[in-house]
Structures are given as structure tokens and as C-alpha cells.
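Please look over the sequence and the fold displayed here before reading on. The explanation is meant to be followed with the structure in view.

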Amino acid sequence: MWKTFYIKPNEIGILYHRSDFKKILQPGTYRYIGRHWQVKTYDLNQPEAKIENLELLLRNHSSELQQHLLVVRTAFNQAALVRLGQNWVSIAPNQLRAFWRGFIEVEPHVFNLEESLELPTEFVQQVRGIALNGLKKFQISEFEIGLLYVQNNFVRPLEPGEYGFWSQDKDVSLRTLSRIVPNPSFPLEDVLIEKHPDFVAAYCEIVQLLTYQVAIVRYQGKVISILPPCSRKLFWQGVEVEVIDISTEAKLPPRLVAELISGLPETLALSRNSLHIREVPAQHLGLLYINQEYQTQLQPGMHAWWLFGRSLQTEIFDLRYSTMEVSGQDILSKDKVPLRLNLTAGYRILDPLRAKNGLSDITSYLYKELQFALRGAVGERTLDALLEDKGAIDRSVSEYIRSKTADYGIEVDSAGVKDIILPGEIKTILSKVVEAEKTAQANGVRRREETAATRSMLNTAKVMEDNPVALRLKELEVLERIAEKIEKIQVNGSLDSILTDLIRINRQ
């Protein structure tokens, strides 16, 4: 019994007899007698030879197979790249792979992973854009630097460029840091400083401070960081570091106040957590306390102190003239009349330190003492006395409050009652009293005027009785007044009969 096998031009075959390897068959037609012959064909367009029991076949027929196969075997510490024409494949450690020779160009490259996990630069460029199992590729831009980690342990820095690393049995990772930012977040800074001094010396500026030191870090003249005592931090090389001893003097000099507080807004934001900042306005005075102890007075201007290791407190006092209103005080007069009064007082602080040391709350103290003074002044006087002499309350309150505030460095310039508000029924009673008084005064004036008028008329009559000429002048005066109110007067008779005869007046 004959068996015929046909191998296509793009194929290759392996001849078996009862599962025993016999030989490699090139393209063509083959005839064998017997029914136990079989051929397995492989497409040469797929260059990898995926042959069953390859390990056994190579052991028994190595010389014949290797005439047609390129065999790549990797040890436990090896990996390989195989170029298949224009393509590439990667081979992990402890692998056996075979590729057909001749049909597609095959080129193997084996790498020792114990010597280096890094893929040589010429291969990185050739496999660019090709995804390969077990190989990690990294691209670092020109403004970056890479930190290579293997099994989460820092290995070395990577300059800008393309890199490839085998990651078959190890965790390989890359952390990129911008070189544009002078103070990036270095991963595990303390580990880098302690375990990798070469990297720190080559790339970084390290700032390490004592318990009494602070540091201002500048880059290109701009403040980028303020470090507290006992700090340790990395920066890229190129920064400027100013270390300041704050053990004896915590106050900032004017140049630092201008730079950190009055300068750029982002610089002020960096300074807020490190400084106690206080601005004393004009016509004000400040008191400085460090660790609850008074230190000095603060003149108008901007002041700042380092916070570290001390407690700072500042209080600002207005030295200008101020007023205080004591409103709506309900008080009984000496004769039990309820009154509501509003008081205004003007004062200024002459000695802020005495006021601070003697009083916990200056305004509350003044308000209460003015209340006491007002109640005492009103309660000692009757309503009539208060209404007759309102200035008595002002004088009494002023004397009282000045005696109370003199020991605390506070000067009260003036104190006066603005309003005295009477209850409604008292207002009605007072209105009636005033009305009666004014009515009586009006009646007296009217009687005096009537008496004076009568006396004047009597005197005039006596003059006319004794002097006929005066009487005749008075008559002419009356006639003149009448003539002013009419258009025409007709007189019959002589002038002597004007008042004795009938006068006929025609109004036309």
C-alpha cells in the first residue's frame, strides 16, 4: 500500500513512521509504501517552528534538525531577541524556541540578565514601536530625568533618551522628575540621601538644618521654599540656600520683610506657616509678647518673626481719639421718676502697656464704669434738678470716670448726656405744667399791655383837652386816614364845620 505526500513550495514537512522522526521533507511529492507513514507540514510564512517534542527530537536528531532550524535556548539568567525579517520576538529565560532557516532571515541575540537588565541602545532603536513580552521601554524627555527602580530599589538615574529593560522576573519601574521644577517631590528622599550619595552629589543640592536654623531656598532670585528647623530636603543643583540662625533673634530684618511679605503673592503664601506677621497702622502702637512675656513696643509698619520654637502674640492699640456710646440706660431719679438716658464719652489711650497690664478688656471696663457713673449722677438728683441743670450730670460723670481710668493710662476727654427720655405720662404732666405757666405768662402780658394802652389814651385826652390846636391836628390826621381809603370827598361849609356838620361822602 502506497501513501503519497505533497509538500507545497512555501511549506516544509517532517516525516514520521509510527511517530518516529525520519527526516525533513523539502517542497515536492513523496511516495512511501506502508500505512504507518505520516507527514506534518509547517507554513514557512510563520518562521517559528512550533514542533511537538522539540526537546526530544533535538536530543536524538540534533545535527539533521539544525540544518533546517535555528534553535534558541535561554538559561535561567538569559533572555533573547530574535529578528524575523522586519519583525522581532522576545524569548524569556529558560525557554527553547526554534525558527526555520532560509525562508525568512532570522537573527538571534542572547543577553545575560545578571550582567545588565538594560537593552543596548542599538537594539532599543530597532525595536522602537514594537510591543515585546518581558521588555519595558521608556522615553525620557529633554526636560526630565528618570529614576530607575528594580524591585522598588533605586538603581541609577537616566538622562533624556530611549531605554529598554528586561522585566521577565523582576519589577522594573521608572519615575520621572522635571528638571524645570527646582524642588520636585523626590521619592524617598531620606533613602536617596543615605544610600545613594553619588546620585545626590552629582545632581542635587541637599539642605540639612539644625534645631535653631531655618533656610530660605531661592531659584533664579525667586523664593521657592522655606524650610523649618531640623529639615532635610533635596533640590536640583542650581538653587541658592540662605541658612538663618534664629536662636537669638527671631525678628526678620527689613530686607526679608520686603521679600517674603511685601513681595510676590506666592512668596507670601509660602511664608504664612513659618512667620508671625503683624502690621501696625499709622496712629497705632503694638505690644509684642514672646512666650507670654512682654518684649517691646511696635511702631507703625510691617513686622514679622519666625514662629519656630516660640509663642508670639501681638496686640494693636489705637492711639486716636475714640468715642463710646452708653445708650438706653433706664435709671430712677431721686424722686423715683424713671428716666432713659443716652451718654457719649470721648477717650484716648495714653499708655497701652499700663492699660494692657491692668485691664483684660478696656472697652468693657469703660462701658461699665460709665454706666456706674451715670447711675450715680442721676440717682442723687430729682427730676426738676436734672432738668434745670443738665450739665451737673456731665460734670459728675467726668469726675468719676477720670478718677477710675487715670491709673490705667486712659484719658477721658469728655462725657455728656445726649438725651433724657421721659415716660409718656410724665411728658403729659410736664406739658400741662408748661402750658399753665405759659398761659399765666400770656395773661399777665396781655393785662400789662391793656393797662399801658389805657394810660396812653388818658394822657392823650388830657393833652387835647388843654390844647385845642392839638385836637384840631388829630382831627386832620383822622381825615387823612379816611381819604386814603376813598376816591372822592365832598365838603359843604367851612373847614370848621367838618366834624360838627353833616359830611356827605359819595363813593363813585
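This is a predicted model: local features need pLDDT of at least 70, side-chain atom pairs count only at pLDDT 80 or more; totals for chains, interfaces and linings use all residues.

Residues are numbered from 1 along each chain as its sequence is written, and side-chain values use heavy atoms, with hydrogens and water left out.

The secondary structure of the chain consists of 12 helices and 28 strands. Here helices (H or I, at least four residues) and strands (E, at least two) are DSSP runs, numbered from the N terminus. The chain has 508 residues, and buried residues make up 37% of them. A residue is called buried under 20% relative accessible area, exposed over 50% and partly exposed in between, with a 1.4 Å probe and protein chains only. The accessible surface of the chain is about 30,200 Å², and carbon and sulfur atoms account for 49% of this surface. Such areas come from the Shrake-Rupley method with a 1.4 Å probe; for residues, only the protein chains shown count as cover. Contact is taken to mean heavy atoms within 4.5 Å. Of the contacts between residues at least 6 apart in sequence, 62% join residues at least 24 apart.

Two sheets may be considered next. Strands of a sheet pair through backbone hydrogen bonds, either parallel or antiparallel. In this description, two strands pair if DSSP finds at least two bridges between them. Strand β2 (residues 11–17) and β3 are joined in the antiparallel sense over five bridges, and L15 stands opposite K23 in β3. Axes are lines fitted to C-alpha atoms, for helices over the stretch in contact, and angles run from 0 to 180 degrees between N-to-C directions.

Another open sheet of three strands has the order β8-β7-β10, again with antiparallel pairing. Its edge strands are β8 (87–91) and β10 (106–112), each of which pairs on one side only. The twist here averages 20° from one strand to the next. Strand β7 (residues 78–84) and β10 pair in the antiparallel sense over seven bridges, and the bridge partner of L84 in β10 is V106.

Where does H68 lie? H68 is found in the loop between α1 and β6 (69–73). With 18% relative accessibility, H68 counts as buried. The side chains of H68 and Q26 are joined by a polar contact of 3.3 Å. A polar contact is a pair of N or O atoms within 3.5 Å; within protein, one must be able to donate a hydrogen and the other to accept it, and residues adjacent in sequence count only if both atoms are side-chain atoms. Leaving aside neighbours within four places in sequence, H68 is in contact with I12, I24, Q26, F99, W100 and R101.

In soluble globular proteins, nonpolar side chains tend to be buried together. A nonpolar core is a set of buried Ala, Val, Leu, Ile, Met, Phe, Trp, Tyr and Cys residues joined through side-chain atoms within 4.5 Å. The largest such core has 32 residues, and those with the most contacts inside it are L339, I362, L370, L374, V378, I393 and V397. Elements that each supply at least two residues of this core include β22 (284–290), α8 (362–379) and α10 (391–405). The largest share, eight residues, comes from α8. Leaving aside neighbours within four places in sequence, V397 is in contact with L343, L370, A373, L374, A377 and A415. A second, separate core of 23 residues includes W88, V127, F138 and I140.

Most residues other than glycine have a negative phi. N53, however, has a positive phi near 55°; N53 lies in the loop between β5 and α1 and is exposed, with a relative accessible area of 57%. Q283 likewise has a positive phi, of about 65°, and is placed in the loop between β21 (275–280) and β22.
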